Amino acid sequence: MGDKPLLQKVSIQKDIESSDKGVRVNDGDGPVTLILLFTTFTALCGTFSYGTAAGFTSPAQTGIMAGLNLSLAEFSFFGSVLTIGGLVGAAMSGKLADILGRRGALWVSNSFCMAGWLMIAFSQETWSLDIGRLFLGVAAGLASYVVPVYIVEIAPKKVRGAFSAINSLVMCGSVAVTFLVGSVISWQKLALISTVPCVLEFVGLFFIPESPRWLIYMENLQEFKEDGFFELFNPRYSRVITVGIGLLVLQQLGGLSGYTFYLSSIFKRSGFPNNVGVMVASVVQSVSSVIGIIIVDKFRRRSLLTVATVMMCLGSLITGLAFLFQSYDLLESYTPISTLMGVLVFQISITIGIGGIPWVMVSEMTPINIKGSAGTLCNLTSWSSNWFVAYTFNFLFQWSSSGVFFIYTIISGVGILFVTKMVPETRGRSLEEIQASITR
């Protein structure tokens with residue numbers, strides 16, 4: 001059975017309308033069907049794999065450094081090489097999704113992911129460990145763009161925010177699961193277990209349909225012919241690009257990778273029991289992710305982003321103050337619990353808004369004729385910022401355990417102004433309405 005008959009038979013969520021001006025996909029309030037749920041689940045397996053890769057370094061750090069005799073610099077490179085691979089995946093994500101389709105790009109991502117985990121699981125040398133993580137990065141770079149775009153394009157507008165928020169929930173949940181499982185098993189076994197979502201995605205990709213918007217794009221290629229990369233700098237697209245890049249830079253430079261990759265190190269330095277801290281953070285992150293799904297279509301996107309950015313700023317401020325007092329031997333007994341509070345506030349900010357909404361808005365705002373180029377640019381920017389934070393965190397943390405979090409606080413503070421002044425509202429509007437208004 002081909003993509004189009006399956007798509008038409010199950011009526012994923014779109015009505016295709018013809019007019020004198022061409023063909024367009026009209027967002028409706030269609031039903032949430034089983035095939036829609038199955039398709040979303042399959043796509044989200046890619047996000048789960050990305051989350052396990054992001055969370056892998058925290059519980060595995062001690063075991064890998066001891067087992068393979070890695071120095072701190074070598075392990076920092078291993079941690080950050082995920083983002084180097086992410087840059088490679090990001091560079092080809094938009095064009096690959098346009099040429100092969102959303103499902104085709106997921107096939108490529110799945111292949112790199114499976115190969116990466118197997119290389120890590122059976123690594124005896126540093127080079128194979130690094131190459132395996134590089135492959136995971138390529139897979140993550142592809143999935144971080146393709147999955148949210150695919151979900152936005154197949155979901156009815158009444159549940160588009162909730163379905164997209166599930167992507168953030170799965171990301172946070174997979175990081176939490178990795179923290180918990182990794183704290184009780186070896187890093188080799190953790191790598192093997194991490195292949196499970198890859199297998200599930202591999203099976204599911206045989207049965208899910210292609211994105212209806214991509215099918216129409218291919219059928220009307222001349223009408224929707226994609227503009228070149230430099231067309232992104234056309235003034236009509238300036239707000240799309242500025243908002244998209246701004247939100248993704250805020251997400252990453254605000255410290256996301258530092259908290260995610262090196263959570264164990266943060267708790268250890270503060271004096272809070274590492275395993276307990278990771279478990280508490282994982283539970284709170286999972287619960288707040290569910291709350292995020294519930295509220296994302298009930299409140300305005302910009303309002304949620306504003307609240308989340310304020311919490312992001314507050315979380316880093318609390319964490320920074322805890323380490324500052326510790327460095328001056330003040331209120332030392334409060335440092336562990338204050339650090340935990342700061343981490344939890346930061347993580348809640350990620351799950352209720354700053355983690356998932358930026359990619360939702362990038363997918364909603366970008367017109368089809370620049371989606372590939374704009375997606376590549378935004379994804380590259382995100383992964384470049386991700387790499388910078390992941391690579392520099394350990395060195396900054398050694399330089400000043402409080403200073404690194406004050407840097408994140410300042411960046412988040414600037415982000416509050418950016419969100420309130422620049423970000424448009426997109427909730428409850430069709431993709432065509434959003435794109436027409438923002439490029440006017």
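User: What should I know about the model before reading it?

Analyst: The model is predicted; local features need pLDDT of at least 70, side-chain atom pairs count only at pLDDT 80 or more, and totals for chains, interfaces and linings use all residues. Residues are numbered from 1 along each chain as its sequence is written, and side-chain values use heavy atoms, with hydrogens and water left out.

User: At what angle do helices α4 and α15 pack?

Analyst: Two packed helices are described by the angle between their axes and the distance between the axes. Helices are DSSP runs (H or I, at least four residues), numbered from the N terminus. Axes are lines fitted to C-alpha atoms over the stretch in contact, with angles from 0 to 180 degrees between N-to-C directions. Here α4 (residues 126–154) and α15 (residues 357–365) pack at about 60°, their axes 9 Å apart.

User: Which residues of α4 and α15 meet?

Analyst: Contact means heavy atoms within 4.5 Å. From α4 come Ser144, Tyr145, Pro148, Val149 and Val152; from α15, Trp359, Val360, Ser363 and Glu364.

User: Is Gln252 buried or exposed?

Analyst: Buried means under 20% relative accessible area, exposed over 50%, and partly exposed in between (1.4 Å probe, protein chains only). Gln252 lies in helix α9 (residues 238–253) and has 3% relative accessibility, so Gln252 counts as buried. Leaving aside neighbours within four places in sequence, Gln252 is in contact with Ser257, Ser382, Ser385, Asn386 and Val389.

User: How many aromatic pairs are there?

Analyst: A pair of aromatic rings is described by the distance of the centres and the angle of the planes. Rings of Phe, Tyr and Trp (its six-membered ring) pair if their centres lie within 6.5 Å; planes under 30 degrees apart count as stacked, over 60 as edge-to-face and the rest as tilted. The count comes to 19 aromatic pairs. One of them, Trp107 with Phe206, is edge-to-face, at 5.0 Å centre to centre and 80° between the planes. Trp107 lies in helix α3 (residues 72–121) and Phe206 in the loop between α7 (196–204) and α8 (212–219), so this pair ties together parts 99 residues apart in sequence. Trp107 is partly exposed at 25% relative accessibility, and Phe206 is exposed at 52%.

User: Why is the pair of Trp387 and Tyr391 stacked?

Analyst: Their ring centres are 5.5 Å apart and their planes at 5°, so the pair is stacked. An α-helix has 3.6 residues a turn, so residues three or four places apart point the same way. Trp387 and Tyr391 are 4 residues apart in helix α16 (residues 371–399), separated by about one helical turn.

Note on methods
Helix = DSSP H or I, 4+ residues; strand = E, 2+ residues; numbered from the N terminus.
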